[in-house]
Every structure is written in C-alpha cells, then in structure tokens.
Amino acid sequence: MEQNPILEQLEEYSNNLEKEIAVLQEKRCISYKPLLESLRKQYAFAHFLMYEESVFDTMPQGYKTLLSKALSDVLVIHSTVTIGCVTQSYNIVRSLFETYANLMYINKNFEANMKYYEDYTIFAQYHKLEEHKNDPDYKYDPYFIQFKNRTEGPLHEKYSFIENNYKERKDWYFIPLSEDIKNHPDLTDQEKKKKNINFKTLCEITGNEKMYQKLYPSTSNAAHSTSLVHNLQSQSVASQAGTVISLVNLSIHLLSQMLLVGLNRQIETGHEECEKYLEIRFA
C-alpha cells in the first residue's frame, strides 16, 4: 500500500522539530545549568534524609505528607525548567510555596497546629461521605455502600471529637488563624475586623507576605498554552515572579526551609544525631 504523503511530511517535520528542540534546550540551559544541578542536589538531599536515612520516621504524618508533596513539586519544577517550559513551572512553584507556607504556619505552634492539620482529614472525609450518601450517583453504588458500611461508624466516632475545630467549606487553619488574628498584639481592633481568614492572611502571619505578593499575580496569569519552542526561542524568561534563576533559587530555598523545620524539630525532641545533617546542608 502506498504511503500517505502527509504522513511522510509529518515524519520529516517531527524529526526536524525534535532536533530543533534539542539544540534550543542545550543553548537555553547553558546559563543556568549549575543552578539546576543545585536544585537536583537539594532534591536528592531531601530524598536521602526521608527515604534512605529515615530521619523523619518519628515525625508526625502531616510533616511527612507535606515534605513528600514538596519533593514531587521540586522534581516537576526541575523537569519543566530543564525542557524549557518555564511558564508552565510557575504554577508548580506556587504549589510548592503553598505547601511551604502551610508548614511555616504549623511551625508557629507545632503540636497544636499539626493536630489541626492532620485531623482535618477526618473532618473532610466525614463531610464527603455525608455528601455522597445523598448523591444518586453514589448512594446506590455497591462499592460505595460497602465503603460506607465499613467506615461510617469509626469515622463518625472520630468526627465527634473534632467537629468543633473546623468550619465547613473553610480551610483547616480557619479557627487557629482566627484566634491568631484576634490575639495579634500589633493589630488594632479595626484592622482585626477587616482581616479575611484566608491564605493571604496566613502568609502575612508567617512573614511571607512579600513572597505571596510577588508570586501570586504572575503565576495566576501564566499562559498554559505557550508552546515549548516559543518558550525556548523567547529572548527573555523574566516575569513578575522572576527569571529562571530566581525561580529555581526560590524552589531551593523553600525546600531547604522545610527540611530545616523537620531537622530542628527532631533535634528539639531528643534526636541529637540529626545535628550532623544541619552541618552538611546548613553550614
């Protein structure tokens, strides 16, 4: 059978495009290859501590969940920047920042806030189960019925202990952050009334307001439809969030600060052997 000429043309175009992208990637990455290597090493160090050395095994599950999510984000940031998809990496950086900011807020009152963070899973699961019980797409499903019969009793019992610690359709930190604003010594009563209990306020409380202001407008406006070749051929990768260099530096900083929280917490709770890791990374 005779080959379709369009397919032949497409094959040639595809091969040429692959070569063009490879050349552009190599050319574009020269200036920040060392920084990408630093990001890779920071990722490897965090992975080493968590999975090889088991340094954080005795930390609360909430910390391990946040650090694991941060590791995934850093890996994606490294990959997208490496292949030239700088614009697409902005939203991943924002995800990393949100994970970091949540941990920084937890760290202000570690034990109490970590309990709020961890128990919120029970609160969310309970309300999701209640919602599905009245949803015709779920309530007659045999798998859902089996799941409901198995989990409803234990979940309801756990929920009864924590239900007053949260507000439905609000973030896990709504009540503790509300209390922090209420008791804030540097805010007037009028300023306290005007404060919305949201992520922006959480960033203000943790000293990350400037980072929030710089990062959010630019990442919110990031163009997801920009092509790889367009990104690579562009003469500038600067945006309000910064250049590739500042973007990668920010990722390194956020992950390192999250590690620092975990290492310091372990040392404070009697794991002096963790001091050797501080000397390696934070000397």
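Me: Lys133 first: buried, exposed or partly exposed?

Reply: Lys133 counts as partly exposed, at 24% relative accessibility. Buried here means under 20% relative accessible area, exposed means over 50%, and partly exposed is in between (1.4 Å probe, protein chains only).

Me: What kind of model is this, and how are residues numbered?

Reply: It's a predicted model, where local features need pLDDT of at least 70 and side-chain atom pairs count only at pLDDT 80 or more, while totals for chains, interfaces and linings use all residues. Residues are numbered from 1 along each chain as its sequence is written, and side-chain values use heavy atoms, with hydrogens and water left out.

Me: OK, back to Lys133. Which residue does it form a salt bridge with?

Reply: Glu130, with the closest N and O atoms 3.1 Å apart. A salt bridge here is a side-chain nitrogen of Lys or Arg within 4 Å of a carboxyl oxygen of Asp or Glu. Glu130 and Lys133 are 3 residues apart in helix 5, so about one helical turn separates them. Helices are DSSP runs of H or I with at least four residues, strands are E runs of at least two, and they are numbered from the N terminus.

Me: And Glu130, how exposed?

Reply: Glu130 is partly exposed too, at 25% relative accessibility. Salt bridges that share partners join Glu130, Lys133, Lys148 and Glu152 into one network.

Me: How many salt bridges in the whole structure?

Reply: A search of the whole structure finds 9.

Me: Which parts does the Arg265 and Glu111 pair tie together?

Reply: The side chains of Arg265 and Glu111 meet in a salt bridge at 3.1 Å, N to O. Arg265 is in helix 13 and Glu111 is in helix 5 (residues 110–133), so this pair links parts that are 154 residues apart in sequence. Arg265 counts as buried at 16% relative accessibility, whereas Glu111 counts as exposed at 61%.

Me: Switching to the surface. Which residues form the negative patch?

Reply: Glu272, Glu273, Glu275 and Glu279. Patches use residues with over 30% relative accessible area and no salt bridge, joining like charges within 9 Å and nonpolar side chains (Val, Leu, Ile, Met, Phe, Trp, Tyr) within 5 Å. Lys and Arg count as positive, Asp and Glu as negative, and His and the chain ends are not counted. Each charge is placed at NZ of Lys, CZ of Arg, CG of Asp or CD of Glu.

Me: Where's Glu273?

Reply: In the loop between helix 13 (244–268) and helix 14 (275–281). Glu273 is partly exposed, with a relative accessible area of 46%.

Me: Which residues make the nonpolar patch?

Reply: Leu7, Leu10 and Tyr13 make one of about 340 Å², with areas from the Shrake-Rupley method with a 1.4 Å probe, and for residues only the protein chains shown count as cover. Leu10 lies in helix 1 (residues 5–29).

Me: What's the phi of Ser54, and where does Ser54 sit?

Reply: Ser54 has a positive phi of about 55° although it isn't a glycine. Ser54 is in the loop between helix 2 (33–52) and helix 3 (61–82).
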